[in-house]
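Hi everyone, thanks for making the time this morning. I'd like to walk you through one chain, so let me put it up on the screen.

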Amino acid sequence: PLWVDVASEEVDESKTTFIIPFREPSLYPSLVTDVTKLGTELYLFLKWIKKIAAYDEVSGRRWLLENVGEADGDIAVLKKDGREEHFKFFRRTLNVSQAPSRVNADRLTQEYRANVKQREISIAFALDQNGNLDLRLAHAMYGGVYSFLPLGEARSGAKFPIQGDFLVQPGRDAINYEAEWNHWLVEEVAKLCKEAVAYFQKHPTWKYQYLSAFEFTKSPGLESYGKLFGPKLIEPIEAFLHSTRPVPTADGGWGKIDEVIKIQEREASLKELIDQGLTTD
């Protein structure tokens, strides 16, 4: 920033103000379009920014994003123009000294994270107005990968947004898929997902909904999938779910994914299947 003694417009002297002029005024309409698209998803992993207000002086339109804070149980409350959205968070603080030796020995770690002692990773799950898990992809900006702000070109393949202090490519749109630091963060995210599964299984409502959150989009041929999120996130979680008993069953127990069926017909249909010995509760 360059200090100016006389501002080009009126400012509040009690606040720090940045005035950013356009080199090309013709860009203004496209900027306004982008601003109107900003949703609460921008806020997901920004702890200290509480309000973003936008005012288009040309049309007179206004937008307001607010970070209300967190309710009980790590549930964040975000608002856009007065409409609330809720997100359930899972977080873990990582001690860098306990990272695998390959991580701390990597040149990129030594160059960009040499003095880092701790880093937090987190994932978030949207909730609808009734408190149910809402698994629409619209609740994560772009590909759902955040390094505090969303990374435009990074694609995790997950339905839930992922936050970590990732090493990014020049331009800050994509992750460096080769960096051991990033591989370690995603491995720890996979462990955090297992903790989320255990939490969901104890919840009276979410235990019937959470499995759909762990259905992934696989993109063979993409670097993000082949080098990072496929082997470090998607495959470990799928292997975990198939090796445990993650499905609630009619008898109040839990079953393996490949040992259960889902009955969507009348209850009499289930009784008939059981009476014929084709399945059990």
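**Loops, cores and rings**

Let me start with Asp-81, which is partly exposed at a relative accessible area of 48%; buried here means under 20% relative accessible area, exposed over 50%, and partly exposed in between, with a 1.4 Å probe and protein chains only. Before I go on, please keep in mind that this is a predicted model, where local features need pLDDT of at least 70, side-chain atom pairs count only at pLDDT 80 or more, and totals for chains, interfaces and linings use all residues. Residues are numbered from 1 along each chain as its sequence is written, and side-chain values use heavy atoms, with hydrogens and water left out.

Back to Asp-81: its phi is positive, about 50 degrees, although it is not a glycine. You will find Asp-81 in the loop between strand 3 (75–80) and strand 4. A word on those labels: helices (H or I, at least four residues) and strands (E, at least two) are DSSP runs, numbered from the N terminus.

Phe-148 also has a positive phi, about 75 degrees, without being a glycine. Phe-148 sits in the loop between strand 6 (145–147) and strand 7 (149–150), and its relative accessible area of 39% makes it partly exposed.

Now to the inside. By nonpolar core I mean a set of buried Ala, Val, Leu, Ile, Met, Phe, Trp, Tyr and Cys residues joined through side-chain atoms within 4.5 Å. The largest such core has 48 residues, and those touching the most other members are Ile-123, Phe-125, Phe-160, Ile-175, Phe-200, Phe-214 and Leu-233. At least two residues of this core come from each of strand 4 (83–95), strand 5 (118–127), helix 4 (180–202) and helix 5 (223–243). Which helix gives the most to this core? That is helix 4, with eleven residues. Apart from this core lies another one, of 13 residues, including Leu-44, Leu-65, Leu-78 and Phe-89.

Let's zoom in on Ile-175. Taking contact as heavy atoms within 4.5 Å, and leaving aside neighbours within four places in sequence, Ile-175 has partners including Val-145, Leu-151, Phe-166, Asn-182, Leu-228 and Phe-229.

Helix 4 also holds Glu-188. Is Glu-188 buried or exposed? It counts as buried, because its relative accessibility is 10%. Not counting residues up to four places away in sequence, Glu-188 touches Arg-92, Leu-94 and Ile-121.

On to the aromatics. Rings of Phe, Tyr and Trp (its six-membered ring) pair if their centres lie within 6.5 Å; planes under 30 degrees apart count as stacked, over 60 as edge-to-face, and the rest as tilted. That rule gives 17 aromatic pairs. One of them is Phe-22 with Tyr-28, edge-to-face at 6.1 Å centre to centre and 85 degrees between the planes. Phe-22 is partly exposed at 39%, and Tyr-28 is partly exposed at 26%.

Another edge-to-face pair is Phe-90 and Tyr-199, with 5.4 Å between centres and 75 degrees between planes. This pair links distant parts of the chain, Phe-90 in strand 4 and Tyr-199 in helix 4, 109 residues apart. Phe-90 is buried at 8%, whereas Tyr-199 is partly exposed at 36%. Ring pairs join both into a cluster with Phe-125, Phe-160, Phe-200, Trp-206, Tyr-210, Phe-214 and Phe-216.

Finally, look at Lys-88. A charge sits over a ring if NZ of Lys or CZ of Arg is within 6 Å of the ring centre and within 35 degrees of the ring normal. The charged end of Lys-88 sits over the ring of Phe-90, 5.1 Å from its centre, and over the ring of Tyr-199, 4.4 Å from its centre.
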